[in-house]
Amino acid sequence: MTRYVRNMRGYGPNAPHAAWPNGAKIAVQFVLNYEEGAENCVLHGDAASEAFLSDIPGAAQWPGQRHWNMESIYEYGARAGFWRLHRLFTGANIPVTIYGVAQALARNPEQVAAMKAADWEIASHGLKWVEHKDMPEAEERAAIAEAVRLHTEVVGERPRGWYTGRCSENTVRLVAEEGGFDYISDTYDDDLPYWLEVEDRDQLIIPYTLEANDMRFATAPGWVTGQDFYTYLKDAFDVLYAEGEDGAPKMMSIGLHCRLVGRPGKLAALKQFISYIQGFDGVWTPRRLEIAKHWQTTHPAARMERPSQMDKARFIERFGCIFEHSPWIAERAFELELGPAHDCAAGVHNALCRMFRSASEEERLGVLLAHPDLAGKLAAAGRLTTESTSEQASAGLDMLTDAEREKFTALNSNYVAKHGFPFIIAVRDHTKASIMAAFETRIANDSDVEFAEACRQVERIAEFRLLDVLP
């Protein structure tokens, strides 16, 4: 048995209605990453200088040396870029969420005071602005704890949100296990918040963005001019706003950095975008924490029994009846590489059908033979399975006239005599009249053709049965 942990399904085709406050059609959330003073630097005890997200073309780490140019670019973010952005957002009356690296916050008290005075949310961006991918689990757990401790000491209250950015495969789990975060943003996998089950904790995830992000000024392919950035933000906003007008409101995250968009030629694009969205009704520009509180209240966590997490006995108990009297199909399906994508009707249906399709012809014939005649003797005697009873009743096959019952009996006998298995049809797709018409048409088919059609109908019946018990 193998289980695939990645979640490719998400909300599937039926995402929840965000129900943003005051009927907003979109939530536009601005994040300002504050990393200046916590980047890789030998002054900070690191082995080399920083090489990430700057205006230096082809930057590389300098082992054991200070990189004066790199340091000065980060210093620009703190000295000038931050204040330019502070004036812009406070002037526009738009609150932002700060992703604050704890050591950066500790080295920039005046900026922290300004963040607090503006009532900006200060979420945690980790202890240091360094790579976590090779960090041993115990070391990363300790770094998370120290980030919370230092953040609380510097800011005056603990962070309620978390984003590492340069994370490891353990980061989200370890942060969730810390237990004190209203949300984590170390994913880029959706346009809406969602709940993640981490053992006994339901952790809210508010996905972030690396594309509606000024980091593209420092990466290739990326933005060359401010207008590149503005055009992309505008296009993204227009699509999401239209979806909100169509009844499917979404969230738009925008990622910013003091040393990047804080430069005058880049800031012009951000000013233009803010002016643009302020011309629309129904635009909510909250802090990230407000999104979290809204989602917790409006869309609270709700656990379900997940097929991919069932043990074998439970899986067979739950799905062994989906293919009529053929629990062996569920038993085989359990051994497949199931995952979150199979925690829905379509997922389990696909797994069961794979086992049915890969079975021998003799085994598939056995499944066909397990199906009862339509309106036959078993139905009259009340000996159908619960599923078959309900299905036949849905098309009125439990309320036949004597003439109709006599006709069905004759058709059943002739069909079985010709093809060697009972007539099978997904009755929920039909009326009594269309079932009779299909019966009269299909009885004339070649048996090989009819065998294939009967198998398709068996799969369709299974689909309906799964839709009764799974989302």
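This is a predicted model: local features need pLDDT of at least 70, side-chain atom pairs count only at pLDDT 80 or more; totals for chains, interfaces and linings use all residues.
1. The largest pocket holds about 1900 Å³ of space. Its lining is made up of 48 residues, and those closest to the centre of the pocket are Asn7, Tyr194, Trp195, Leu196 and Pro340.

2. Which strand gives the largest share of this lining? Strand 7 does, with five residues. Strand 7 spans 194-198, and both this strand and helix 5 (171-178) supply at least two residues each to the lining of the largest pocket.

3. Sorted by class, the lining of the largest pocket contains 23 nonpolar residues, eleven polar residues and 14 charged residues.

4. The next points concern the backbone. In general, most residues other than glycine have a negative phi. Aspartate 119 is not a glycine, yet its phi is positive, near 60 degrees. Where is aspartate 119 placed? This residue sits in the loop that runs between helix 3 (109-117) and strand 4 (121-124).

5. Histidine 325 also deserves a comment. Its phi is positive, at about 50 degrees, although histidine 325 is not a glycine. The residue belongs to the loop between helix 9 (312-319) and helix 10 (327-333).

6. Is histidine 325 buried or exposed? The relative accessible area of histidine 325 is 57%. A residue counts as exposed when this value is over 50%, and histidine 325 is therefore exposed.

Terms used
Residues are numbered from 1 along each chain as its sequence is written. Side-chain values use heavy atoms; hydrogens and water are left out. On a 1 Å grid over the protein atoms alone, a cavity is a set of points where a 1.4 Å probe fits but cannot get out, and a pocket is an open set with protein on both sides within 12 Å along at least five of seven lines; lining residues have an atom within 4 Å of a point. Grid points are joined across faces, edges and corners, and a volume is the space filled by probe spheres set on the points. Helices (H or I, at least four residues) and strands (E, at least two) are DSSP runs, numbered from the N terminus. Ala, Val, Leu, Ile, Met, Phe, Trp, Tyr, Cys and Pro count as nonpolar, Asp, Glu, Lys and Arg as charged, and the others, Gly among them, as polar. Buried means under 20% relative accessible area, exposed over 50%, partly exposed in between (1.4 Å probe, protein chains only).
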